[in-house]
Amino acid sequence: MAWSQLTEKTIRQYSSVQSFQRGYDYYQEDAVISLVRRGTLLQAEVEGSEVLPYIVCCTFDSDEDLTATCTCPYDWGGWCKHIVATCLACIHQPEMIEERPPLESQLASLNRDQMQLLLLKLAEQEPPLVGTIERTITSLGLTSLEPITTAPTHAPLEKSEIDPKAIHRQIHSIIRSQSSESYWEIDAIVRKLGGILEPAWALIKAEDGRHALTLLRAITEGCVAGWKHLDDFDRQASQFFSDLTAVLAEALLCADLTFQEREWWTNQLKSWRKKLGDSVIDESFEMAVATAVQGWDYPPLMRVLQGNITDKGAWDDEAPDYADELALARLNVLKRRGRWQEYLYLAEAEGQLELYNIMLIHLGRIQEAMDYGLNDVHSPSEALALAQALYEHGESEQSIQIAQHGLTLDGSKADLVKWLRDQAVAMGRQELALTSAERAFYEQLSLENYLHVAQIAGEQWPERREILLNSLRHTKSHCKDGQVEMFLHEGLIDDAIAVADSSTDYKLIERVVAAALTSRPDWVIQACQRQAEYIISKGQTKYYSRAVNWLEKARTTYRALGCEEQWQTYLSELLSLHWRKTTLVPMLKALN
């Protein structure tokens with residue numbers, strides 16, 4: 001079928017009634033954000049429930065039926081709503097279709113080196129393709145071909161691979177998805193916009209900073225242009241612009257720009273910030289501007305990279321608020337390029353001691369890492385990161401030593417002691433595993449930690465169990481959920497009730513009520529009535545339904561005890577007391 005012969009009747013034949021209607025709704029909502037045709041292949045991007053759009057591919061052939069696929073998980077027969085929306089857009093908005101040469105004609109102009117570069121880039125960005133390429137080479141009998149000369153690692157990619165207009169359409173579609181009265185939708189919009197930064201990060205990790213900047217320029221232009229249409233009065237978008245600034249900064253570092261190019265980017269970033277005005281946080285692009293101004297030849301940075309470290313770090317004056325973030329971006333680039341000593345100098349100068357230690361381990365300088373860890377690690381979280389790095393490097397005993405040192409430091413130790421517990425189990429160190437498990441229990445009261453002690457203690461469990469439960473009974477903890485969970489696990493209803501009586505968390509009380517229905521019905525009635533009466537006393541009509549839910553539980557318990565008369569008496573008292581509450585009265589009467 002030729003694409004020009006496509007009709008709504010044909011679309012209905014290929015789809016269910018439900019899919020057609022939902023696809024029509026998608027089309028009406030402008031969910032189809034791009035249409036590109038290459039010969040007989042039409043490809044579309046359709047906004048859906050995920051951050052990234054779904055990809056629809058339709059093949060039109062005059063000698064065969066129309067075939068269509070979509071990357072969504074729909075598997076109920078016929079076309080999905082995204083395919084339907086795509087085909088409707090082809091019919092009713094043919095001006096959206098962008099014509100491009102067929103893929104085979106584009107590939108025909110590439111030489112061997114360029115073709116290999118293309119495949120390597122694709123495999124780098126989409127690792128699952130490696131296996132597909134290998135299997136295809138074998139199936140086509142290409143294994144006997146002579147090796148192809150390796151192409152330059154940093155060969156520039158064609159500018160045509162990035163379509164700014166398509167990116168602008170995608171951003172515009174995301175931003176305008178906010179309804180006029182739904183300012184709370186900002187979080188969802190920010191998450192979707194965050195998804196479009198992922199390809200830029202992939203390019204940076206592949207050391208293709210220039211291509212990343214080309215993509216980021218299109219993204220930033222689209223966001224700056226569209227932001228004025230977004231109702232973001234409480235500036236929830238600050239996280240997106242923080243993420244955008246971070247990726248811009250690292251791309252600028254990765255691209256190794258000339259002075260003139262950095263100057264252009266400095267002016268461009270300032271221009272974007274001016275256009276945004278007061279619509280976002282004041283610090284937007286500030287770190288990226290500093291990166292463009294300084295590059296790699298900023299004198300204080302150059303001194304640090306040469307090993308000349310002072311208390312000012314890589315700054316002339318007082319370090320700005322974004323100093324740590326910029327240091328991380330610089331360290332990322334140095335690490336990818338294998339500039340190990342410069343990495344260590346900068347990490348030390350900028351106070352990134354955790355990364356400094358981990359790099360020492362990576363370089364096999366274990367004793368230096370141990371000395372640094374035992375003398376200069378100042379928190380349990382830093383000790384955990386160092387211990388994990390040592391363990392992954394095969395230095396298990398040293399990792400245990402650092403972890404135990406971390407337990408002597410101030411700060412939350414829950415994550416560290418749980419890690420130590422698990423590694424001690426893996427290493428067969430029973431005594432250390434048990435003491436760590438018990439310490440994890442006291443650090444963080446949870447059923448999970450309790451069960452770990454039970455599993456490790458073995459024959460010692462009965463004795464250990466009593467010690468832990470007695471401790472639990474006398475602990476004034478903010479983690480009442482964990483206490484209740486453990487008491488209910490052990491069937492200790494009275495202990496769970498004692499915790500519930502000291503709590504104002506209605507969800508926790510509800511859990512104990514459900515567990516105590518048969519064994520402690522009198523308490524259940526009292527607890528439910530207290531909750532209901534408290535809600536009613538506040539006089540907020542929108543919460544009356546919650547009060548009624550509690551009363552329904554009380555009524556069920558009364559009746560299970562055969563105390564219908566007491567229930568009716570209590571209900572009458574409520575009606576008499578609250579007869580002026582016109583919204584509540586009908587709801588109470590319905591409880592008869």
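Because the model is predicted, local features need pLDDT of at least 70 and side-chain atom pairs count only at pLDDT 80 or more, while totals for chains, interfaces and linings use all residues. Residues are numbered from 1 along each chain as its sequence is written, and side-chain values use heavy atoms, with hydrogens and water left out.

The protein chain has 31 helices and 5 strands, taken as DSSP runs numbered from the N terminus (helices: H or I, at least four residues; strands: E, at least two). Of its 592 residues, 44% are buried, where buried means under 20% relative accessible area with a 1.4 Å probe, protein chains only. Among contacts (heavy atoms within 4.5 Å) between residues at least 6 apart in sequence, 59% join residues at least 24 apart.

Two packed helices are described by the angle between their axes and the distance between the axes. Helices α7 (residues 164-175) and α10 (residues 209-226) pack at about 40 degrees, their axes 9 Å apart; axes are lines fitted to C-alpha atoms over the stretch in contact, and angles run from 0 to 180 degrees between N-to-C directions. That angle makes α7 oblique to α10. On the α7 side, the contact is made by P164, I167, H168, I171 and I175, and on the α10 side by L215, A218, I219, E221, G222, C223 and G226. By class, this contact has 8 nonpolar, 3 polar and 1 charged residues (Ala, Val, Leu, Ile, Met, Phe, Trp, Tyr, Cys and Pro count as nonpolar, Asp, Glu, Lys and Arg as charged, and the others, Gly among them, as polar).

For α17 (residues 353-362) and α19 (residues 380-392), the axes come within 9 Å and cross at roughly 15 degrees. These two helices are therefore roughly parallel, the term for angles under 35 degrees; over 145 is roughly antiparallel, 65 to 115 roughly perpendicular and the rest oblique. E354, N357, I358 and I361 of α17 meet S381, E382, A385, L386, A389 and L390 of α19.

Helix α28 (residues 521-538) has 18 residues and reaches 26 Å from first to last C-alpha. Its buried residues, among them W523 and I536, pack against α26, α27, α29, α30 and α31. G539, with a positive phi near 70 degrees, follows α28. In the loop between α30 and α31 lies H578, which is buried, with a relative accessible area of 12%. Not counting residues up to four places away in sequence, H578 touches I536, L584 and V585.

Technical notes
Expected span 1.5 Å × (residues − 1). Buried < 20%, exposed > 50% of the residue type's maximum accessible area, 1.4 Å probe, protein only.
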